[in-house]
Amino acid sequence: MSKNGPLALTFHSLVVVFMLAPLVVVCLVAFTPENTLSLPTAGFSLRWFEAVFERADFLEAFKNSLQLAFLAASLATLIAVPAGLAITRLQFPGRDFLNVLFLSPIIIPHLVLGVALLRLFALLGVNGSFTWLVLAHTVVITPYVLRLVIAAAIGVDRSAEQAAESLGASRFTLFRKITLPMILPGIAGGWLLAFINSFDEVTLSIFVTSPATQTLPVKMYVYATESIDPMMAAVSALVIALTAVTMILLDRVYGLDRVLVGKH
Amino acid sequence: MAFLQLDNLCKRYGAIDAVVATNLAIEQGEFVSLLGPSGCGKTTTLQMIAGFVDVSSGRILLDGRDITHAKPSSRGLGVVFQSYALFPHMTVADNVAFGLRMRKQPEAEIRRKVTEVLALVRLDRHAQRYPRELSGGQRQRVALARALVIEPPVLLLDEPLSNLDANLREEMQFEIRRIQSEVGITTLMVTHDQAEALSISDRVVVMQAGRVTQVDEPYRLYEHPRTRFISDFVGKANLLPGELDGAGLPQVQHSRDASLTLSLRPEKIDLLDNGAGRLQGRILTRYFLGSQWLYRIGTPLGELTVVRRNDGSAPLGEGVDVGLDWQPELLRVLAADEVSA
């Protein structure tokens, strides 16, 4: 491990503080016994956490979000893996176009996409449909999976695949036994990134969710526009805690380096 | 008919000829090396035999069967790659068993064969390790075992030793030859290292700019290089101007406009006292190579390289005037290079 100079250390500390400070504040405010977002707070109370669990609509939104993120991330992965392999491995007309097409949802503002999809869903008569919400999210998160799959596929030792072929592996066996395991860290990392992006998405979701399919971020946004009370902080703290626990578990079981960086 | 035969094999990439009309006949059990500088088409030739590169024209015959357009998976050849190409997510035993599993052999049979071949490459105690836990030499042995275990008719080695450091490389050369003779498998090795090719092959095929320029046994190749390029690429060579004398023997000529180029190996030159011998010179520099001394000697014919055995006597110093002598029958007449490298 190389040592950092004092300047680099200061800079890194500032970045970390800048990123973490708001989260720390939110978590602290969540424990306030008062009715406003106040800090420093007069005491310590779990009343706002209790309030969250009494709100069935919040729990419902949380369940929606989890389901949506899980389905959309999985669907995006199913699209991105073959697409990523085709883009890195094959030479075909329209390859660059396909690459850019798959990336375009990152470039187009979600606000614009949201309006467009709202109009489209109205025309199709599918407003408020959960299936179409999943599809909409799939579109915007596929680029994340695709990027990581492409990076992983480029890193694969082609001669290992040739070796498998020479040993008698058919195309399908080659993919299942050799290529897929070698790009699995990239796929897992891509899925995770997609899941987080879907779970987090507000802008597009505001347009295409109905009360029945409302996601947690949309619910929070709508709630916050009407009243600001510490319950929002409590919900945020819960989400942060859940994410942290998931990450720690993943790191223990599989190693975050392997998932996100692709180290073996 | 030879066991593995290349008939007029060609590979074109657009306007570039990577391999031009290559003919080669390899007998069963033979160890043949494809030797040449990078970009000479040797790896492309090997990849065409393995089936990883399409053949532009010509044929590949294996034991009389035309495999020119067969899929790599149906050729059944053993291939060892420069990068080892092990499967990182599998143990050594699983890597080796892969080819047998593809052949759907019974598990007990697979275990027996894997144990056997790992003993052959002296890795029996590493069966449960992962490739990342092995050294470069051990990985290369795994790659070799994995290729051999399927009992292929031909073993193809693509620069198998170039990723190893010098000491290990020499050890693995002999190891590869030992295993090859023990199994008796027909082997084709691609290498750019002439010492490697000379030391372990039955025959060496020299390639240059997509063409085969000489095929010979290592000793003959070294002693009778056909062209200037080969004499320089295989071992070191002193190039001298010369003519044929009345008896048809090559003689060194002191004139620049001599019609022939002669090659004389550095170890074939004797160093005598100043004034004696066929040519006078002065030692410019001296290098110690362990078992040998290498002298660079300035002469009227240009700088010559002379190698003397380190027999324990004091070496000659730099700046010393010496006489050079050689047996005229050790001079070799070189043909002009038909292809530019």
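1. Phe288 of chain B has a bridge partner in β16(B), namely Trp293(B). The model in which this pair occurs is a predicted one. The two strands concerned are β15 (residues 279-288) and β16 (residues 292-299) of chain B, which pair in the antiparallel sense over 6 bridges.

2. In chain B, 5 strands make up an open sheet with antiparallel pairing, and their order is β14-β18-β15-β16-β17. The edges of this sheet are taken by β14 (270-272) and β17 (302-309) of chain B; each has a single partner strand, so one side of each is left without a neighbour in the sheet. On average, and with direction ignored, neighbouring strands of the sheet are turned by 45° against each other.

3. Strand β11 (residues 238-244) of chain B pairs with two strands described here. With β13 (residues 260-264) of chain B, the pairing is antiparallel and comprises 5 bridges; Leu240(B) stands opposite Leu262(B) of β13(B). With β12 (residues 250-252) of chain B, β11(B) pairs in the antiparallel sense over 3 bridges, and Leu244(B) stands opposite Pro250(B) of β12(B).

4. How many residues lie between β11(B) and β12(B) in their hairpin? There are 5 residues between the two strands, and Gly248(B), located in the turn, has a positive phi of about 80°.

5. Chain A is built from helices: its secondary structure comes to 12 helices and 0 strands. Along its principal axes, the C-alpha trace of chain A spans about 70 × 60 × 30 Å.

6. The two chains meet in an interface to which chain A gives 16 residues and chain B gives 21 residues. Together they bury about 1600 Å², of which 69% lies on carbon and sulfur atoms. Gln162(A), Ser166(A) and Leu167(A) supply 38% of the area that chain A buries against chain B, more than any other three residues.

7. Which polar links cross this interface? The count of salt bridges between chain A and chain B is 0, whereas 5 residue pairs are in polar contact across the interface, with both residues at pLDDT 80 or more.

8. On the side of chain A that touches chain B, α7 (158-166) and α8 (171-200) of chain A each supply at least two residues. The largest share, 7 residues, comes from α7(A). By residue type, this side of chain A divides into 8 nonpolar, 5 polar and 3 charged residues.

Notes
Residues are numbered from 1 along each chain as its sequence is written. Chains are lettered from A and ligands numbered from 1 in the order in which they are written. This is a predicted model: local features need pLDDT of at least 70, side-chain atom pairs count only at pLDDT 80 or more; totals for chains, interfaces and linings use all residues. Side-chain values use heavy atoms; hydrogens and water are left out. Contact means heavy atoms within 4.5 Å. Buried area is the accessible area (1.4 Å probe) that two parts lose on being put together, summed over both. A salt bridge is a side-chain nitrogen of Lys or Arg within 4 Å of a carboxyl oxygen of Asp or Glu. A polar contact is a pair of N or O atoms within 3.5 Å; within protein, one must be able to donate a hydrogen and the other to accept it, and residues adjacent in sequence count only if both atoms are side-chain atoms. Helices (H or I, at least four residues) and strands (E, at least two) are DSSP runs, numbered from the N terminus. Ala, Val, Leu, Ile, Met, Phe, Trp, Tyr, Cys and Pro count as nonpolar, Asp, Glu, Lys and Arg as charged, and the others, Gly among them, as polar. Two strands pair if DSSP finds at least two bridges between them. Axes are lines fitted to C-alpha atoms, for helices over the stretch in contact, and angles run from 0 to 180 degrees between N-to-C directions.
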